[in-house]
Each structure stands twice: as C-alpha cells, then as structure tokens.
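Thank you all for making time this morning.

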Amino acid sequence: MENLMGLLRIHVIRGVNLAVRDVCSSDPDVVVKMGKQKLKTRVVKKNINPEWNDDLTLSIVDPKLPVLIRVYDKDTFSLDDKMGDAEFDISQFIEVVKMRLDNLPSGTIIRKIQPNRENCLAEESCIVWANGKVVQNLFLRLRHVETGEVELQLEWIDIPGSRGL
C-alpha cells in the first residue's frame with residue numbers, strides 16, 4: 001500500500017470492426033495488463049462490434065509502465081484465438097491529473113494527444129474535464145491483426161492513505 005499512487009479505472013466501451021475468428025463472427029473479450037496485473041472483460045457472443053461497457057481498475061504503482069490490451073476470441077474446446085493488441089502510456093494523463101484542476105466547465109479539453117508511430121491511437125485522444133474529474137478518451141487501433149479498434153475511457157481515482165501523485 002505504501003507504493004500505491006492511486007487507481008486507474010479503464011472503462012472498456014466497445015470494439016469496432018474486429019476480426020472474424022469463428023465461422024462468420026467472433027466471441028471477443030479484452031484482457032488488460034499492466035506489470036503483473038491482469039484484468040478481463042466479459043465475453044460478447046457472436047459480435048465483431050461488441051459493446052462491453054465494463055469497468056476494469058488497475059492499482060498504479062509505476063505510472064511509467066505501459067498498459068497493454070489484448071483482444072481474444074473465446075473458444076470452448078481450444079485455445080482462445082488472438083484478435084490483436086494495443087498498448088498505451090498513461091504519463092500525459094497522469095501529468096494532467098497532477099495539475100489538480102478544479103471548477104472547469106464540463107467538457108473543457110485540457111490536452112490533445114495526436115496519433116503517431118509510437119502509439120496505437122486511431123485518432124486524436126483528448127484529456128477532458130468532465131463532471132468534476134479528468135478523463136481521457138482513447139480509440140486504439142489493434143496491431144498484429146487485419147482489422148479492429150477498441151474504444152476506452154480512463155479515469156483516475158485517488159485513494160486515501162496512498163502516497164498519491
């Protein structure tokens with residue numbers, strides 16, 4: 001607990017145009033990893049445009065570690081098929097959270113992050129003040145696969161008694 005900085009809530013919203021891994025569809029789920037932590041969404045059956053709307057929460061000790069997401073097609077009688085992966089870094093999000101902003105109009109864009117060769121962003125990602133907190137919306141293009149994107153939203157949660165930011 002003494003090294004814990006806080007929690008990162010990752011709202012896994014949806015997948016778009018994911019790869020087909022079964023006969024004519026897929027049964028996708030998302031695995032999120034950071035360091036030794038590993039969390040998983042539920043499986044959405046027979047859908048290449050799934051809506052998970054699942055919240056996964058990581059304990060942040062080292063904000064320099066990348067967050068890795070992997071999409072799999074759930075199979076009953078064999079190993080799950082890979083449907084791509086993406087990685088993102090939370091350092092700019094953490095920088096904005098550290099600003100301790102307050103009383104901004106909801107919807108205020110604080111920072112914009114452009115897609116480039118070093119990140120998996122499919123489009124510009126905005127860090128926004130929304131309903132009294134800092135959130136970041138991400139649309140990630142999956143790598144190592146023919147098609148697919150995943151939409152996420154990040155939110156920081158302070159923990160009383162943690163070392164904080």
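Predicted model: local features only at pLDDT ≥ 70, side-chain atom pairs only at ≥ 80, totals over all residues.

Let me begin with D73, which is buried and yet has no salt bridge, the nearest side chain of opposite charge being that of R21, 6.8 Å away.

D73 itself lies in strand β5, which covers residues 67-73, and if we leave aside the neighbours within four places in sequence, D73 is in contact with R21, D22, S26, D27, P28, D80, D81 and M83.

Moving on to another buried residue, I90 has a relative accessible area of 0%, and its place is in the loop between β6, residues 81-88, and α1, residues 91-98. Again leaving aside the neighbours within four places in sequence, the residues in contact with I90 are L8, M34, I60, P63, V67 and L154. I90 and I110, which are 20 residues apart in sequence, are 15 Å apart in space, taken from C-alpha to C-alpha.

Now to the cysteines. How many disulfides does the count come to? The count comes to zero. For C126 the reason is one of distance, because its sulfur is 18 Å from the closest cysteine sulfur, which belongs to C120, and that is too far for a bond. C126 counts as buried, at 15% relative accessibility, whereas C24 is exposed, with a relative accessible area of 67%.

N103 has a positive phi of about 55° although it is not a glycine, and N103 is found in the loop between α1 and β7, the latter being residues 108-113. H144, which is not a glycine either, has a positive phi of about 60°, and its place is in the loop between β9, residues 133-141, and β10, residues 149-157.

Are these two residues buried or exposed? N103 is exposed, with a relative accessible area of 71%, and H144 is exposed as well, with a value of 67%.

Definitions and conventions
Residues numbered from 1 in each chain as written. Heavy atoms only, no water. Helix = DSSP H or I, 4+ residues; strand = E, 2+ residues; numbered from the N terminus. Buried < 20%, exposed > 50% of the residue type's maximum accessible area, 1.4 Å probe, protein only. Lys, Arg positive; Asp, Glu negative; His and termini not counted. Salt bridge = Lys/Arg side-chain N within 4 Å of Asp/Glu carboxyl O. Contact = heavy atoms within 4.5 Å. Disulfide = S-S within 2.5 Å.
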